[in-house]
Amino acid sequence: MTLHSLPIFVRLTGRPVMLIGDGEAADAKRRLLERAGAMVVGEDAQAALAIVALDDPQATVARLKARGVLVNAVDRPDLCDFTLPAIVDRSPVIVAVGTGGVSAGLAAALRQRLEIMLPTALGELAEKAQALRVKFPDSRQRRAAISEALDDYLSPYLRGSGDPEPHVASLATLDSRFRGNTVVRFVLESADPDDLTLRQARALSQADRVLHAPGVPPAILDRARADAPRIVSLAPPVDPGVGLTVYLEMAR
């Protein structure tokens, strides 16, 4: 399994970004860049990023790429080094939905759905979670505890039955089911990652390492934390090591 693109969040405050073109598309990109604090400049300036909003962008894109500039060409995903996602802003939480430029309409539809699902106080919640570094100095315990608490907090919203009043205070009493050194074993009935149970998905998202029998599909393993090592093993470990170990095998 490979990523079509690597999602990154770039801080542009006070930094130059080229915007080449005019009309509605260019105006929309200008508003977005200004909202991110970027200095909008022309092609003659020095910048690492450029957005090209022209009817015939090939020559301009070629010039910019020859200079080592990363380029977004509006409505031309085949020419793009990067694409601009649909954004749900709950600062400092930002949710970005990208389709690799294939369907801006689909990205917008997903963004609209997420706008309804995600509470407006999510940014405040994130700031409260950041303050818990003192309570949980160990990064693994902090990650597991915060992940579990936020799952509990967000579940009603994701089911469409959320109370509009945020329960931020509940973060003050965080605890985790995955403290200490633990092995969780799952026998999977399906190779489809959409069939994972909530418990299985949450354990994978919190795992410090994932051991798996041969035959567990990459699509399942991709649901684990990106920095958790994947290790082929014929049996669960005797010594689990520090933190949470998830062992996966397929049902016979």
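Modeller: Two strands count as paired if DSSP finds at least two bridges between them, the strands (E, at least two residues) and helices (H or I, at least four) being DSSP runs numbered from the N terminus. The model is predicted, and local features need pLDDT of at least 70, side-chain atom pairs count only at pLDDT 80 or more, and totals for chains, interfaces and linings use all residues. Residues are numbered from 1 along each chain as its sequence is written, and side-chain values use heavy atoms, with hydrogens and water left out.

Colleague: How do you know that β1 and β2 are paired?

Modeller: Strand β1 (residues 16-21) is joined to β2 by 3 bridges, and the rule asks for at least two, so they pair. The two strands run parallel, and M18 has V41 of β2 as its bridge partner.

Colleague: What makes β2 and β4 edge strands?

Modeller: In the open sheet of 4 strands, with order β2-β1-β3-β4 and parallel pairing, β2 (39-41) and β4 (70-73) each pair on one side only. From one strand to the next the twist averages 25 degrees, where axes are lines fitted to C-alpha atoms (for helices over the stretch in contact) and angles run from 0 to 180 degrees between N-to-C directions.

Colleague: Which strands does helix α1 lie across?

Modeller: Helix α1 (residues 24-35) lies across β1, β2 and β3 (49-53), and it runs at about 170 degrees to β1.

Colleague: Why is one side of β7 and of β9 left without a neighbour in the sheet?

Modeller: This open sheet of 4 strands has the order β7-β10-β8-β9, with parallel pairing. Both β7 and β9 (230-232) stand at its edges with a single partner strand each, so one side of each has no neighbour in the sheet. Further inside the order, β8 (residues 209-212) is joined to β10 by 4 bridges, and L211 has Y247 of β10 as its bridge partner. Helix α6 lies across β7, β8 and β10, at about 135 degrees to β7.

Colleague: What makes a set of residues a nonpolar core?

Modeller: The members are buried (under 20% relative accessible area with a 1.4 Å probe, protein chains only; exposed is over 50%, partly exposed in between), and they are Ala, Val, Leu, Ile, Met, Phe, Trp, Tyr or Cys joined through side-chain atoms within 4.5 Å. The largest such core has 15 residues, and among those with the most contacts inside it are F186, V210 and L248. Elements giving two or more residues to this core are β7 (182-188), α6 (198-206), α7 (218-221) and β10 (244-250). A second, separate core of 13 residues includes A47, V61, V69 and C80.

Terms used. Contact means heavy atoms within 4.5 Å.
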